Amino acid sequence: MSQSEPAPIVVCKFGGTSVSSLANWQNILSILGAATAAGELPVVVHSALSGVTDSLARLVDAALISAHPEVLAAIRARHVALCEEMQLEVPSGLLAHLDDLGKLADGIALVGEVSDGVRARAMATGELMATEIGAAFLNSQGVATTLVDARGLLTASATEAGGRVSVLSASCDFSFSPRLAEELRGWGTVVLTQGFIASDAAGHTVLLGRGGSDTSAAYLAARLGASRLEIWTDVPGMFSANPRDVRGARLLKNLHYDEAQEIATSGAKVLHPRCILPARAAGIPLLVRATQSPGSEGTRISNASGAEGARLKAIALRRGITLISMDSPGMWHQVGFLADAFAVFKRHGMSVDLVSTSETNVTVTLDPQANSLAPSQLDALVAELSRLCRVEVLGPCASLSLLGRNIRAIIHRLGDAFELFEEHKIYLVSQAANDLNFTFVIDEAQATRLVGQLHDLLIPQSGDDPIMGPSWEDLQSTPQKVPVRAKWWRSCREQLLSLMEGRQSGYVYHLDTVRERAMQLMAMRSLDRVFYAIKANSHPEILRTVAASGLGLECVSRGEVEHVRRVLPDLPVDRLLFTPNFAGRDEYQWALREGLRLTLDNLQAMQAWAGLLAGHTVFVRIDTGQGHGHHQHVRTGGSHSKFGIPLDDLDGLVELARAHHIRVAGLHAHTGSGNFDLSNWLETAEILAAAAGRLGGVEVLDLGGGLGVPDRDGLPAIDLAGLDAGLAAFRDKHPGFDLWMEPGRFLVAEAGVLLARVTQVKGKGQHRYVGVATGMNSLIRPALYGAYHDIYNLSRLDEPGVEAVTVVGPICETGDVLGRHRTMAPTVEGDILLIDTAGAYGRAMASHYNLREPAEECII
C-alpha cells in the first residue's frame, strides 16, 4: 500500500461468547494486532456478554411485576466479575449504564407497562455496558481504541406502514459514506462500537432484532467500504450440517453469497441471514471464523463459490415448524382465493415461509423464528381462515433442506437418499426456483437422525477440495485420542482388559465414581433431600451404594419398588418416592396400601378414583409448559409430552383436591434430561412456588432431575455450585418450602462403560466400518435419541488416531450404529473398544432383539 492510499478498513464482529472471557480477549488482541500490522484499520462491532440479552428481556418482564431487583443485581454482578477477571477497575461508563438501567426498570414497575421504545432502551444496555469493558481492556493493553456509540453510525429506515421505523427489528441505510470512512480513519485508532443497536431519524434507540450484531457489522462494512467483514464466533465456520447433531459435518471453506444465504435461512445459526445482503450489495467478502482458534481457516463467502457445477453442499434443519393446511373444493379456479387467505395471515402478523398448492388444498409453513406461535394467536388465525376453508394445524414439524448449487441437475443421484424417507410422513415438498434447495417438511421427532443418515449418504466423508474442509470431529480432536478430563477407567485399563478375557462384551461400573457423584449432590446445601431415579440403572450394588450415601430412591413402577425392597429390605418407606405414569388403578391402590409417597400426574385419577384417593396425602406432577433436554424424546414438559398436569388445569386441581379431601403436600416437575442451563431449575422452582401459592398447604417442591452429563471430552461439567447458589437465593425468597431433586443419569452415567470386542472391519467406498460384538441390544441410546458416546480403542489407547470409522453392532437394523466418524488408531479383529458414559440407560434399556444376549454387568 502506498503512502497516499487510505488504510483498508476491516470490520470485525465479535459475538457474546467471544467477549465474555479473558482468554478470548487475549485472542482478540492478536487478531487486531495482525490487522494493524498489515496496515489495516480494525473497526470492532461488539455484542453483549453471552446470555445478557436474555437476562435483559427477563428484567423487563420482571419489572412489570416489580420483581426486577434480583435480575438487575445478577446483571451487575456478571459485568463486575468480568472486570475483575480482566484486572480492570469497573469503568464509570458501565456504572452509568447500570444506573440508567435501574431507573428504566423502576419506571416500568411504577407504570406497570412497557412500550417498544422503552424495551429497546433497556435491551440496548447490554451492548453499551459490554463495550465499556472492551474499550477499557484494549486501552489497558496499549491498543489505542476509540469507543463510538453505534447510534451515531447507523440510522434506521422506515419499513412499516405510515413511514414508521420498526423499533425492535429495524433495518438501516447501508449506502457507502466516504465521509464516515474518512472520519474514522482520521482518529488513527482501533474503533469499537456496539452491535444490535441503531437510532431512528429523531435519535431514539432502535434494535436490529435477534442476530442484530451480525447485521450491524454488515451495515457498517458497507457504509465504510470495508475490504472485508469478519464474523468471529464460537464455531470455526459454516458446516455441511449442524455439527452438534452430525459430528462428521464438514467445514464449508468457500460459499457464494446466495448459497450462504440459503444455509443461514434454512437453520444454520452461526450467521444471521440478514447480514449477507449488505455485504453482497457492496461486494465485500465475508469470513466466519472462531475466536478461540484464530488460526483456523473458517468460511469465506463471496461472489465466487470455489467450484462450478451442480453440487450438494449442506443439509439444514429447522425445528418447531407449524403447518397450516387449507382445504376447499371451491378454491379450484376461484379467483382471489390465495389473496384472501394470505390477507388473513397478514392481518394476524404471520409471515408465511413455504407454500404448496394443489387444486383443492394450500399448505403453508410458519417458522417460529419469524412468528409468535402462541396457541391463542394460532386459534385466532384458524378461526378467521375457517370462514374461507377447512383448516388443519399440524406440528411440531421440521423442515429438512438439501442445499447446494443447481440441485435439479443432481436429482437423479438422490434416489438412495429418497429411500430414507420411506418410513417418514412427508407433509410438504418444495424445490426453490433459484435451484439452491430441495426441502421436505416432516415430523420433528426423527428429523435429527434423518439428517445424520442423509449426510452420511450424500456428503463426501474425506478428501480435500476448494469447498469441503475438515470435519467437525477432526477439528475438535487432538492428534492422539487421549481424554481431557480424568477418567477412572484409564487407571483401570489393565483390569478392564483382563475382565474381557473370555468375554465378547460387558458393562463395567465403578462404584467410587457413583459415591463421588452422590457426595456432590449431598453437599448442595440448598437441597433438603435427593432421590436417585433408579430407572437409570437398577443394579443392586449401585442401589446399595447410593442408599449408603444418604440418598432416597425414586421408582416409577411397582416392579422397581419391589426390586428395591429385595435389595434393601430395611430401607424405610419414607426414603422411597413413587412416580408412576399412566399406570392402572390397581397400582395406585397398592401404593397407597403400602404407604408409599405417591405422585399423581393426571386429573383423571382424582376425578375417577376419588374414593380411592380421598383422605390421602399425595404429590402432584406439574407440566410447566416447557421441555428441555438434549433430544425430543427426553424433553418431558410441554404440550407434546405425556407427563404432568398443565398449569391451565391448576384451578381444576384445587377444586378436586378440596372436594375429595386430598392433601397435596408436594409439587413435582421434570422438564427433561441432559440439561446444563441452570435457569431451567430456577424457573421451575418459581413456577412451582407460584402454583403452590394457589393450592395452599404445599410443603415440598421437587425440581426433578435432568442434570447434564458431558458426553464428550473437552465439555465442561454442570455448574453444581452455581445451581446451589441460585437455589439458595430462591429459598431466601421462598422460605416456606423444602427443595428436593431426583437425578438419575448424573449419578451413574460416568461411572459406567460398555466394553465390546471387535468382530470385523470393513471398507465400503469412502466409509470404514468397525463391527463389535454387541450393539443396540445393549446400548440403544444412540439409535433412539441420537445420543453421543465417546469411543476409544482400549487395546491401543495411546496410539495416535489416524482413521475415521463408524462403529456398528451385530443387530440386523440400519440404525445399529454406536458412533459415526470416530478417529481411532488402526483397529483389528479382537481389539476391545470402550464406549464411555454408558452407566445410565444402557443395560436398563437393553433387549434380546435378534435373540442376542445383551452385555453382562460387572462391578469394580
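Is Leu727 buried or exposed? Leu727 counts as buried, because its relative accessibility is 0%; buried means under 20% relative accessible area, exposed over 50%, and partly exposed in between (1.4 Å probe, protein chains only). The model is predicted, local features need pLDDT of at least 70, side-chain atom pairs count only at pLDDT 80 or more, and totals for chains, interfaces and linings use all residues. Residues are numbered from 1 along each chain as its sequence is written, and side-chain values use heavy atoms, with hydrogens and water left out.

Leu727 lies in helix H25 (residues 720–733). Helices (H or I, at least four residues) and strands (E, at least two) are DSSP runs, numbered from the N terminus. Not counting residues up to four places away in sequence, Leu727 touches Ser526, Leu527, Leu682, Leu703 and Leu739. Contact means heavy atoms within 4.5 Å. Leu388 is 339 residues from Leu727 in sequence. In space the two are 52 Å apart, C-alpha to C-alpha.

The largest nonpolar core has 96 residues. Such a core is a set of buried Ala, Val, Leu, Ile, Met, Phe, Trp, Tyr and Cys residues joined through side-chain atoms within 4.5 Å. Tyr532, Leu553, Met606, Leu667 and Leu701 touch the most other members. Helix H24 (residues 679–695) gives the most to this core, with seven residues. Another core lies apart from it and has 75 residues, including Ala181, Leu312, Leu414 and Val451. In soluble globular proteins, nonpolar side chains tend to be buried together.

Leu667 has contacts beyond four places in sequence with Val620, Ile622, Leu688, Ala691, Ala692, Leu695, Val698, Val700, Leu701 and Asp702. In helix H23 (residues 650–659), the residues Leu650, Leu653, Val654, Leu656 and Ala657 are buried. The buried residues of H23 pack against helix H21 (603–608), strand E26 (617–623), strand E27 (645–646), strand E28 (663–668) and H24. His661 follows H23 and has a positive phi, near 55°.

Val753 is placed in strand E31. Its relative accessibility is 0%, so Val753 counts as buried. Leaving aside residues up to four places away in sequence, Val753 touches Trp488, Trp489, Gly506, Tyr507, Val508, Leu834, Ile835, Asp836 and Ala838. Val44 is 709 residues from Val753 along the chain, and their C-alpha atoms are separated by 47 Å.

The second largest pocket holds about 1,300 Å³ of space. Of the 35 residues that line it, Gln453, Glu813, Thr814, Gly815 and Val817 are the closest to its centre. On a 1 Å grid over the protein atoms alone, a pocket is an open set of points where a 1.4 Å probe fits, with protein on both sides within 12 Å along at least five of seven lines; lining residues have an atom within 4 Å of a point. Grid points are joined across faces, edges and corners, and the volume is the space filled by probe spheres set on the points. Helix H13 (447–458) and strands E31 (752–764), E32 (767–772), E34 (803–808) and E35 (817–824) each supply at least two lining residues. By class, the lining has 13 nonpolar, twelve polar and ten charged residues. Here Ala, Val, Leu, Ile, Met, Phe, Trp, Tyr, Cys and Pro count as nonpolar, Asp, Glu, Lys and Arg as charged, and the others, Gly among them, as polar.

Two glutamates were then examined. Glu384 is found in helix H11 (residues 375–385). Glu384 counts as buried, because its relative accessibility is 16%. Its side chain makes a polar contact with the side chain of His348 (2.7 Å). A polar contact is a pair of N or O atoms within 3.5 Å; within protein, one must be able to donate a hydrogen and the other to accept it, and residues adjacent in sequence count only if both atoms are side-chain atoms. Glu40 lies in the loop between helix H1 (22–37) and strand E2 (41–46). At 15% relative accessibility, Glu40 counts as buried. The side chains of Glu40 and Arg228 make a polar contact (2.6 Å).

The peptide bond from Gly395 to Pro396 is cis, with omega near 0°. Pro396 lies in strand E17 (residues 390–405). Asn406 is in the loop between E17 and helix H12 (415–419). Its phi is positive, near 55°, in a residue other than glycine. At 33% relative accessibility, Asn406 counts as partly exposed.
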